Amino acid sequence: MAYGTIYSDTIQGSTANTAPVFNDGNSREIGQLTKVWVNFNTLSSTSSRASFNVSSLTDNGTGDTTISFTNRLSDVNYAALGTGGHTSADATSDMRFVTMSSNSSRTTSSCRLATSYANGAGGYDLDNVNIAIFR
């Protein structure tokens, strides 16, 4: 059987609030689109610029944020990828890190993130944090 290319402007899943699944030729799942993503600021107040499947952001202190999901994930075996940046005049040249706070902070309904300097200077609030979660 020959397979071709599909051209489409929209791909829609059959279930509300669920990303479409990509299967191989044996109907085994080989991937999905991102389950959660958010672009947010933690500098003056924790606020989202844009997001998908995020119900709220909680500021737990300097460099410590919890992302709550609108729809639960199937389990805690997901990957959270993040970047962070700081554009104000007081920013130093150190890289910024966005990491999971700990394994215990990962649930099916939320995850807790830490933002910090590369030099280990501890938590730091950033004005541009981007997170994508895949499962």
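A: Gladly. Let us start with Ser 110, which is in contact with Thr 66, Ile 67, Ser 68, Phe 69, Tyr 78 and Ser 105, leaving aside neighbours within four places in sequence; contact means heavy atoms within 4.5 Å. This is a predicted model, in which local features need pLDDT of at least 70, side-chain atom pairs count only at pLDDT 80 or more, and totals for chains, interfaces and linings use all residues. Residues are numbered from 1 along each chain as its sequence is written, and side-chain values use heavy atoms, with hydrogens and water left out.

Q: Why does Ser 110 count as buried?
A: Buried means under 20% relative accessible area, exposed over 50%, and partly exposed in between (1.4 Å probe, protein chains only). Ser 110 has 15% relative accessibility, so it counts as buried.

Q: Why is Gly 84 called partly exposed?
A: Its relative accessible area is 25%, which lies between the 20% and 50% limits, so Gly 84 is partly exposed.

Q: What makes β5 and β6 a pair?
A: Two strands pair if DSSP finds at least two bridges between them (strands being DSSP E runs of at least two residues, numbered from the N terminus). β5 and β6 have 6 bridges in the antiparallel sense, so they pair. Ser 56 stands opposite Ser 68 in β6. The two strands form a hairpin with 2 residues between them, and Gly 63 in the turn has a positive phi of about 70 degrees.

Methods. Helices (H or I, at least four residues) and strands (E, at least two) are DSSP runs, numbered from the N terminus.
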